[in-house]
Amino acid sequence: MLFITIYSCISLLLLLCYILLMRQYILAWRELPSWKVPTDFKAQTKLSILIPARNEAENILAGLRSIAKQNYPTELWEVLVLDDYSEDETATLVENFPAKNVRLLKLADFVMEGETQSYKKKAIEIGIAQAKGELIVTTDADCIVQPNWLKFIVSIYQEKDCQFIAAPVNFYEESNALERFQSLDFIGMMGIAGGGIQRKFMRMCNGANLAYTKAAFHAVNGFEDINQMASGDDMLLMQKMAQEYPEGIVYLKNKEATTFTKAKPNLAAFYQQRLRWATKSASYPEKLVTLILAMVFFFCCNILLSAVLSLFWHWQIIFILISSLFTKAMMDYIFLSKMSRFFQRQDLMKSFVSSFFMHILYIVFIGFAANLVKQYEWKGRRVQ
């Protein structure tokens, strides 16, 4: 009975924490104002778009073509594609792209292969050193953007005089249950990122849609002190900048500012991606973020453990299991419904039930793996 009492208290505490956390996300997203380009907006900012690329011959042209259609003065922006030792036709395709403001920089001209494991960070450092713009915009080589993408980024930068801008990223063209799960999960992540930035308690972002000033990057000494991990060019940098500019971090809430990429097509690719994201969580400068992620992990572990114990133990365990499942489902549904409506992806809610259970399993599995497996596959390299 003592075990059941202690277990019940811990379970109810985790449940309460999850309710309060989800309530924070919902309220924070609601209070975060949608950004609209001012009617008197005048483009004045010169910017440089950095696209790290490795073996992206299948995707790079679609991304460059979408950028070329920007409703922003051509003379005020440039694209620097940073080729990371590609073994396919990526570099050739970029060199032959018919636009004068698209440049190719080869990492091989600056760094010997094997000198670093932080290839993407090194590529961005080189790109910033070569960039002509005062505002650095980053996206990925497998992303496409919308025509007013730069106009939204620059307008919020000029109006708010911020140092770091996080903006939405969505998946598209899903073809199976795993991809639909990722899309719904990622829409939720956008709400967490926006709400967390709004209330300054959980700053998260994605490198596929970021902007920051070159001056701020240099002011915090770039990736210094966060260069020990292969990834982290986005969240680690943002949280580092937040320490220097606590009021200078904003989230661009507008679906027209979204960049689009495709979800991972199979479990192996999905596992490697999420393992890469999870392994850096202990290195976040903002420890509250790590604490929140840990709480969600333990809450999901508690649900699975309760499911097992309910086969052998007291009715209280069954009550805990049902309460946890019902409450998580209710809070998640409210939150994801709001997010899917905002991004006009209500169709994804048809996959809510299956995604709900996949989310619990994914959180537990990746959480354990991130603490046991220190290496992962990224762009054909084994890194950590």
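Start by selecting Glu125: this residue counts as partly exposed, at 25% relative accessibility. For reference, buried is under 20% relative accessible area, exposed is over 50%, and partly exposed is in between, using a 1.4 Å probe and protein chains only.

A quick word on what you're looking at: this is a predicted model, where local features need pLDDT of at least 70, side-chain atom pairs count only at pLDDT 80 or more, and totals for chains, interfaces and linings use all residues. Residues are numbered from 1 along each chain as its sequence is written, and side-chain values use heavy atoms, with hydrogens and water left out.

**Salt bridges**

The term covers a side-chain nitrogen of Lys or Arg within 4 Å of a carboxyl oxygen of Asp or Glu. Both residues sit in helix H4 (residues 119–130), three residues apart, or about one turn of the helix. Helices (H or I, at least four residues) and strands (E, at least two) are DSSP runs, numbered from the N terminus.

Next, pick Glu173 and Lys262, whose side chains form a salt bridge at 3.1 Å, N to O. This pair links distant parts of the chain, 89 residues apart: Glu173 is in the loop between strand E6 (169–171) and helix H6 (177–199), and Lys262 is in the loop between strand E9 (259–261) and helix H9 (267–279). Glu173 is exposed at 52%, while Lys262 is partly exposed at 46%.

How many salt bridges does a search of the whole structure find? The count is 13.

**Into the core**

Select Tyr25, Phe164, Tyr212 and Met241: they touch the most other members of the largest nonpolar core, which has 94 residues. Such a core is a set of buried Ala, Val, Leu, Ile, Met, Phe, Trp, Tyr and Cys residues joined through side-chain atoms within 4.5 Å. There's also a second, separate core of 37 residues, including Trp35 and Val94.

**Back to the surface**

Last stop: Phe3, Val308, Leu311, Phe312 and Trp313, a nonpolar surface patch with about 580 Å² of accessible area together. Patch members have over 30% relative accessible area and no salt bridge; like charges are joined within 9 Å, nonpolar side chains (Val, Leu, Ile, Met, Phe, Trp, Tyr) within 5 Å. Areas come from the Shrake-Rupley method with a 1.4 Å probe; for residues, only the protein chains shown count as cover. Phe3 itself is in helix H1 (residues 2–31) and is partly exposed at 40%.
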